[in-house]
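Trainee: I would like to learn how to read a single residue in a model, and then how to read the chain around it. Could you take me through it step by step?

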Amino acid sequence: MSVLVNGSPTGEFKPSRGLRQGDPLTLFLFLIVAEGLSGLVTQAVKAKMLSGVKVGRNEVEICMLQFADDTLFMCENSYTNLFTIKAILRCYEVLPGLKINFHKSRLASINVDKNTLKVYAKSLNCYPMKIPFTYLGLQVGGNPRRKQFWEPVVNKISARLSTRKGRYLSLAGKICLLK
């Protein structure tokens, strides 16, 4: 590789070290590789090898959500989807040379019996989990129309805004301030 200095390339050199942990460049490289995972999922959907979950009035199909270094796959209950996800994850490991930590991975299901869930989890080399569960401070699988669903969020907002500035604001004012 070579480096551009003032628009002119330097002599070529062979890189001998990788990036160190905490290097700001690792975040950008991870985003590029994560975009590759998104491309693999998109191609599988186009080839009708993966069928996602349809949501909303327009029945928009969603197969994957990503937040930072977390990825959520959402699919219909079928062995085809299971093996497609397994193949996508294997390609994602082999091509960029990354390693997926399956000990941190979990598999949840809606309207799938426990034995099938265990078989799916074993096939993906991960652990089954029950719904509802908490993700990013919100309960997944809970009822957002119930007051208890939002209590943890309201408590966190109240705790963060309990300083002198927020002491004289109503809860609505605190939420506006937080936004």
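Trainee: Is Asn81 buried or exposed in this structure?

Mentor: Please keep in mind that this is a predicted model. A residue counts as buried when its relative accessible area is under 20%, and Asn81, with a relative accessible area of 2%, is therefore buried. Asn81 is found in helix α2, which covers residues 79-94.

Trainee: Which residues does Asn81 touch, leaving aside residues up to four places away in sequence?

Mentor: A contact here means heavy atoms within 4.5 Å, and with those sequence neighbours not counted, Asn81 touches Met49, Leu50, Ser51, Cys75 and Glu76.

Trainee: What lines the second largest pocket?

Mentor: The lining includes Ser109, Val112, Asp113 and Pro128, and by class it has 5 nonpolar, 1 polar and 4 charged residues. Helix α3 (residues 114-124) gives the most to this lining, with 3 residues, and the space in the pocket comes to about 210 Å³.

Trainee: How does the radius of gyration of the chain stand against that of a compact globule?

Mentor: A compact globule of 179 residues would have a radius of gyration near 16 Å, whereas this chain has 22 Å. The C-alpha trace spans about 65 × 50 × 35 Å along its principal axes, and 18% of the residues of the chain count as buried. Within the chain there are 5 helices and 10 strands.

Key:
Residues numbered from 1 in each chain as written. Predicted model: local features only at pLDDT ≥ 70, side-chain atom pairs only at ≥ 80, totals over all residues. Heavy atoms only, no water. Helix = DSSP H or I, 4+ residues; strand = E, 2+ residues; numbered from the N terminus. Buried < 20%, exposed > 50% of the residue type's maximum accessible area, 1.4 Å probe, protein only. 1 Å grid on protein atoms, 1.4 Å probe; cavity = no way out; pocket = protein on both sides within 12 Å on 5 of 7 lines; lining within 4 Å. Points joined across faces, edges and corners; volume = space filled by probe spheres on them. Nonpolar A, V, L, I, M, F, W, Y, C, P; charged D, E, K, R; others polar. Rg over C-alpha atoms; globule rule 2.2 N^0.38 Å.
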